Amino acid sequence: MFVKNQWYVAGWDHEIDRAPLARVICGEPIVLYRKFDRTVVALHDACPHRLLPLSMGIKEGDNIRCRYHGLLVNSLGQAIEMPISTERVHKSICTKAYVTLERHRFVWIWIGDEGRADPSLVPNFWPCSTPGWTFDGGYNHIKCDYRLVIDNLMDLTHETYVHQGSIGQREILEAKIETHVDGDNVTVTRWMPAIDAPPFWRNALKKEGPVDRWQICHFLAPSSVIIDVGVAPVSAGATVEKHDQGVRGFVIDAMTPESDTTSHYFWGMARNFDIDDAGFTARFMKQQGAVFLEDVAILEAQQRSILNNPNLKLKAFSIDMGGVRARQLITRMIDAE
Ligand code: FES
Ligand SMILES: [Fe+2]
């Protein structure tokens, strides 16, 4: 169910520090921590001796000592001191080390074959690390298949009902949706010309009058969705191709599979307006977190229902095209492996 030879978000840059953090990614238990030089270590979270999780261990410099019998393991996953320290360490005593890198405020991990870990394949979250933009967000654990989250994000018609009280707007249902596939990317475009801006965007724009509003969902294989959102005054002449005239944001979503039916959900918002307003960022994060909790409730209920109805299949309507295409790409990548 998981593509292995791809980068996944292992954590926010601020989540991973000197102390070990345990996280299961694509079914593999992993311990993460930072070395003194701040690079991130990711090891299979099982002591090579009797498999106690290394994440329970004691940090010694850049190494980690197992809390059971004291085997000392270095940041490459190799044992460097036996429980009886005068005994020689055999080089076969080791645990797997994973390749990691840090980009766009996230720590990324390569679960598959380390020889194939290509930094150029990190999903392009450019708004998270481009001058003129600011970015922050949060994390939720969700008890559902990561692909259900992708379906959710590639089909924003759900906003009208799931997010009735917050970001929902009738026009979302009335706008035409266009789906495109290009290599490992799927794009769903919704352009809403000359509408009344919803309160959030009206406040961001700080202006009255009709606006063009857009929502362009980009699926980036294997499991990220970034959504280009914003409004511009109609008079500014924004187009699908070029829409930097008003206020613009990117909803950032990285879903990392934990198991077949549970996921790590890293979310945030990058924006190009009021970028120095830290209070706004914090308030917005709180709102966005509340909106995503509405999705979490729906997605977990959907997952339970799927498990309770093994004989029923998910149906795809026209609104589901983006998710369908994204799943096809994922399946193709899994088959290729
Ligand atoms: S289980 Fe780790 S040293 Fe024995
Ligand atoms: Fe939602």
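Strands (E, at least two residues) and helices (H or I, at least four) are DSSP runs, numbered from the N terminus.

The model is predicted, and local features need pLDDT of at least 70, side-chain atom pairs count only at pLDDT 80 or more, while totals for chains, interfaces and linings use all residues. Residues are numbered from 1 along each chain as its sequence is written, and chains are lettered from A and ligands numbered from 1 in the order in which they are written.

## Two domains

The chain is divided into domain 1 (7-121) and domain 2 (126-336), with bounds that come from an automatic or database domain assignment. Their centres, taken over C-alpha atoms, are separated by 33 Å. Ten residues from domain 1 and eleven residues from domain 2 take part in the contact, two residues being in contact if their C-beta atoms, placed from the backbone, lie within 7 Å. On the side of domain 1 that touches domain 2, strand E1 (7-12) and strand E2 (21-25) are the elements that give two or more residues, and the largest share, three residues, comes from E1.

## Strand pairing

Strands of a sheet pair through backbone hydrogen bonds, either parallel or antiparallel. Here two strands are said to pair if DSSP finds at least two bridges between them. Four strands form an open sheet in the order E5-E6-E7-E8, with antiparallel pairing, and its edge strands, each of which pairs on one side only, are strand E5 (58-60) and strand E8 (79-81).

| Strands | Bridges | Residue pair |
|---|---|---|
| E4 (residues 40-44) and E9 (residues 97-103) | two | Leu 43 and Ala 97 |
| E9 and E10 (residues 106-110) | five | Glu 102 and Val 107 |
| E6 (residues 63-65) and E7 (residues 72-73) | two | Arg 65 and Leu 72 |

The hairpin of E9 and E10 has two residues between the strands, and in this hairpin His 104 takes a positive phi near 55°. Leu 51, which is found in the loop between E4 and E5, also has a positive phi, of about 70°, although it is not a glycine. Leu 51 is partly exposed, because 14 other C-beta atoms lie within 10 Å.

Among the buried residues of H1 are Val 149 and Leu 153. Leu 153, whose place is in helix H1 (residues 146-154), is buried because 25 other C-beta atoms lie within 10 Å. Leaving aside neighbours within four places in sequence, Leu 153 is in contact with Cys 217, Val 225, Ile 227 and Asp 253.

A nonpolar core is a set of buried Ala, Val, Leu, Ile, Met, Phe, Trp, Tyr and Cys residues joined through C-beta atoms within 7 Å. The largest such core has 72 residues, and those with the most contacts inside it are Val 149 and Ile 252. H1 gives the most to this core, with six residues. Both domain 1 (7-121) and domain 2 (126-336) give residues to this core, so it lies between them. Not counting residues up to four places away in sequence, Val 149 touches Ile 142, Cys 144, Met 255, Ser 263, Tyr 265 and Leu 299. Apart from this core lies another, of eight residues, among them Trp 201, Val 211, Val 231 and Ala 232.

Helix H5 (residues 278-308) has 31 residues and reaches 44 Å from its first C-alpha to its last, close to the 45 Å expected at 1.5 Å a residue, the expected span being 1.5 Å times one less than the number of residues. Phe 284, Phe 292, Asp 295 and Leu 299 are buried in H5, and the buried residues of H5 pack against strand E11 (134-142), H1, helix H2 (159-162) and strand E17 (262-271).

The peptide bond from Ala 221 to Pro 222 is cis, with omega near 5°, and Pro 222 has its place in the loop between strand E14 (211-220) and strand E15 (224-233).

Key:
A residue is buried if 20 or more other C-beta atoms lie within 10 Å of its own, exposed if 12 or fewer, and partly exposed in between; C-beta atoms are placed from the backbone.
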